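Here is a friendly briefing to read alongside the model. Keep the viewer open and follow the topics one by one.

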Amino acid sequence: MEENLANRSRAELETALRDSSRVLQAMLTTQLRSFDDHFQHLLNDSERTLQGTFPGAFGELYTQNARAFRDLYSELRLYYRGANLHLEETLAEFWARLLERLFKQLNPQLLLPDDYLDCLGKQAEALRPFGEAPRELRLRATRAFVAARSFVQGLGVASDVVRKVAQVPLGPECSRAVMKLVYCAHCLGVPGARPCPDYCRNVLKGCLANQADLDAEWRNLLDSMVLITDKFWGASGVESVIGSVHTWLAEAINALQDNRDTLTAKVIQGCGNPKVNPQGPGPEEKRRRGKLAP
């Protein structure tokens with residue numbers, strides 16, 4: 001009889017713990033899905049704006065390099081999803097590839113072999129062909145994407161911890177303690193009597209002693225999540241930055257177009273006079289400088 005009551009007590013407590021954990025898991029899952037949807041919406045809107053405005057603003061400077069921009073957004077999504085990417089290196093590689101392609105497009109009258117483009121790349125940091133846009137995007141996007149990625153991962157870890165904690169089996173001592181807590185009154189003939197709150201708390205503390213060891217780490221996780229959310233708002237916050245990636249890309253191309261003659265002269269000064277492309281066009285009109293509304 002006593003063993004049956006102990007088993008029944010353990011089963012009832014385990015069911016109650018699982019039910020309460022499901023509520024918390026559902027809340028965390030809802031928060032994760034909501035944030036993920038919002039983040040993806042911001043990034044998708046930025047890419048759609050780029051795809052809708054850059055062809056008219058920059059012509060072939062964009063259309064011939066559309067894949068490079070698509071790849072950049074794809075890599076940003078991969079990083080957010082937890083891929084093993086170094087975000088600053090990803091951005092640096094994007095700017096390096098884009099500079100080579102745009103410089104060739106802006107100077108079709110010149111023959112630019114790979115070794116010449118290598119020289120161009122080595123001078124890029126000093127020349128700053130895209131102005132301040134790459135630096136601003138690197139600083140702001142790195143903070144924003146690290147915060148967004150960490151927040152999503154934190155929600156996932158929290159949900160996983162709750163699930164695993166609820167699955168920890170209760171020991172025989174806990175079963176007996178819960179049995180006494182719940183059924184002693186029945187044996188004494190006073191089934192309506194309820195144990196005092198302190199007694200209940202002490203029994204549960206004993207049953208959940210292993211889980212209680214996680215309390216400090218759990219609080220640290222929650223504190224970290226709160227700190228991350230402070231980075232979501234304001235001009236440099238996650239929402240503002242991620243929704244404006246295309247703006248820095250537009251500023252970069254505008255800067256390159258504005259300074260194309262000065263840039264070409266400095267590159268020739270540092271890398272030497274390239275050969276003239278016999279199949280290249282003659283002097284061409286400057287391409288229309290595109291602007292995007294802020």
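Let's begin with Asp36, a residue of helix 1; helices (H or I, at least four residues) and strands (E, at least two) are DSSP runs, numbered from the N terminus. This is a predicted model, in which local features need pLDDT of at least 70, side-chain atom pairs count only at pLDDT 80 or more, and totals for chains, interfaces and linings use all residues. Residues are numbered from 1 along each chain as its sequence is written, and side-chain values use heavy atoms, with hydrogens and water left out.

**Asp36 and its surroundings**

- Asp36 counts as buried because its relative accessibility is 13%; buried means under 20% relative accessible area, exposed over 50%, and partly exposed in between (1.4 Å probe, protein chains only).
- Not counting residues up to four places away in sequence, Asp36 touches Tyr80 and Arg81, where contact means heavy atoms within 4.5 Å.

**The chain as a whole**

- The chain holds 13 helices and zero strands.
- Read along the sequence, its pattern is α-α-α-α-α-α-α-α-α-α-α-α-α.
- Of the 294 residues in the chain, 37% are buried.
- Among contacts with a separation of 6 or more, 85% are between residues 24 or more positions apart.

**Aromatic rings**

- A pair of aromatic rings is described by the distance of the centres and the angle of the planes.
- Searching the whole structure gives 11 aromatic pairs; rings of Phe, Tyr and Trp (its six-membered ring) pair if their centres lie within 6.5 Å, and planes under 30 degrees apart count as stacked, over 60 as edge-to-face and the rest as tilted.
- Phe39 and Tyr80 are a stacked pair, because their ring centres are 3.8 Å apart and their planes are at 20°.
- This pair links distant parts of the chain, with Phe39 in helix 1 (residues 2-58) and Tyr80 in helix 3, 41 residues apart.
- Phe39 and Tyr80 are both buried.
- Tyr62 and Phe69 form a tilted pair, at 5.4 Å centre to centre with 45° between the planes, and both of these residues are buried.
- Ring pairs also join Phe54, Phe58, Tyr62, Phe69, Phe94, Trp95 and Phe130 into a cluster.
- Over the ring of Tyr79 sits the charged end of Arg149, 4.2 Å from the ring centre; the rule asks for NZ of Lys or CZ of Arg within 6 Å of the ring centre and within 35 degrees of the ring normal.

**Helix 4**

- Helix 4 (residues 87-106) has 20 residues and reaches 28 Å from its first C-alpha to its last, close to the 28 Å expected; the expected span is 1.5 Å times one less than the number of residues.
- Its buried residues include Leu87, Leu91, Phe94, Trp95, Phe103 and Gln105.
- The cover over the buried residues of helix 4 includes helix 2 (60-63), helix 3 (66-80), helix 5 (114-127), helix 6 (133-166), helix 12 (245-258) and helix 13 (260-271).
- Thr90 belongs to helix 4 and counts as buried, at 7% relative accessibility.
- Beyond residues up to four places away in sequence, Thr90 touches Glu75 and Leu85.

**Cysteines**

- How many disulfides are there? The count comes to one disulfide, by a rule that takes a pair of cysteine sulfur atoms within 2.5 Å.
- Cys119 and Cys271 form this disulfide, with their sulfur atoms 2.0 Å apart.
- The link of Cys119 and Cys271 is left-handed, with -90° about the S-S bond.
- Cys119 lies in helix 5 and Cys271 in helix 13, so the pair ties together parts that are 152 residues apart in sequence.
- Cys200 counts as partly exposed, at 24% relative accessibility.

- Val178 lies in helix 7 (residues 172-187) and is buried, with a relative accessible area of 7%.
- Not counting residues up to four places away in sequence, Val178 touches Ser9, Leu13, Val203 and Cys207.
- The C-alpha atoms of Val178 and Asn7 are separated by 9.7 Å, and these residues are 171 residues apart along the chain.
- Arg128 lies in the loop between helix 5 and helix 6, and its phi is near 45°, a positive value in a residue other than glycine.
- Most residues other than glycine have a negative phi.
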